[in-house]
Amino acid sequence: RDYHRLIARYANEKDAAGALAVLDEMSSKNVSIPLVVYNTAMAACVKHWQIAVELLGTLEARSVSPDTTTYLRTIQACEKTHWQMAIGLIQRAKRQQQNQGSEILNVAVYDVALRACKRTLQAKAAESLMIDMKDSGLEPGLESYLHTLGAFKRSFDWERALGLFLELKAKQLRPDQKTYAAIIRAMEPSRQWEIVNGLLAEIESNGLLVDKSIWDSAIAVLHAGKQWPKALDLYETMLKAGDVPALGSYNAAIHGCVRANDWERGIDFFSHMLDNKVMPDSSTCNGVLACCDQGACESQAWKVVKFMRKHELSMGRLTYVHAITSLRNSVNWERAWSLIGE
């Protein structure tokens, strides 16, 4: 039997059980199993991290030294759900390198571990891996920085993320669209709208496409920085580009209209949102009701109230205040009274 070819077939099918069964058959028949066959079996374990780690242990128990491919594939099996195991495998490979004087770890292996950190938003772990990579004499590439920046999403540590972005530029690495999206996303909690405006200008000057994720993140920064007119202008630019904003961008735009006393525009944004089948939440509706309050738009306010009731959205104190005061010029006093009763 051509065992290697059979295992390769199971690897293509991502059939870990089939690949292990062939390895067991080879062992039972005292057939020598070279490293290349183990590595092919590892490729079948990409969806089974425990099996991949156990297979790595079996390899070592049989005095077969894992190589770069072995560790790469084992870490790939761990990257989606077990970032700590992925980092542990990096350290395991480092010890093997020191003991054997061999070169195992390369940038590609580190990048898979960094991708595991990005998936689970482990910014500190990703940054530590980058330092470890440099200390090992390896030069991080654009992918390394991209995955590390991606781990800073929602980390509130935007200054460190910005430092990494400036570092990659200093190394003459050319940021691509994904890299810009990652740094602007990391900047969301920062309120540093001037920096984000500069990044948007860079994207344009480099001839890159500003996609939906970049628009949404930039609008969030402008909103956090209380730059309502600029956020609204960016929102309009996004619409003209044909992109459908995310819920957060709609909310930022509508609340921006409240701040700018541009109530008609806010109500229009709400209609646009429904037309594009983006489901509003309580924050959206409260913003629209505030616009209705500014413009004394009785009929629109009542539609929003009915929408909230229909979809069982939370109605707080501000909801009722804006809804009731929107009805101040209404002859339908029963509506206001019902809201007071609620």
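Student: Which residues are buried in α14?

Tutor: First, the ground rules. This is a predicted model, where local features need pLDDT of at least 70, side-chain atom pairs count only at pLDDT 80 or more, and totals for chains, interfaces and linings use all residues. Residues are numbered from 1 along each chain as its sequence is written, and side-chain values use heavy atoms, with hydrogens and water left out. Buried means under 20% relative accessible area, exposed over 50%, partly exposed in between (1.4 Å probe, protein chains only). Helices are DSSP runs (H or I, at least four residues), numbered from the N terminus. In α14, the buried residues are W228, A231, L232, L234, Y235 and M238.

Student: What covers the buried residues of α14?

Tutor: Contact means heavy atoms within 4.5 Å. The cover includes α12 (193-205), α13 (212-224), α15 (247-259) and α16 (263-275).

Student: Which exposed residues sit on the face turned away?

Tutor: P229 and K240. After α14 comes G242, with a positive phi near 90 degrees.

Student: Is Q96 buried or exposed?

Tutor: Q96 is buried, at 8% relative accessible area. Q96 belongs to helix α6 (residues 83-100). Leaving aside neighbours within four places in sequence, Q96 contacts S65, P66, Y71, G101, S102 and I104.

Note on methods:
Helices (H or I, at least four residues) and strands (E, at least two) are DSSP runs, numbered from the N terminus.
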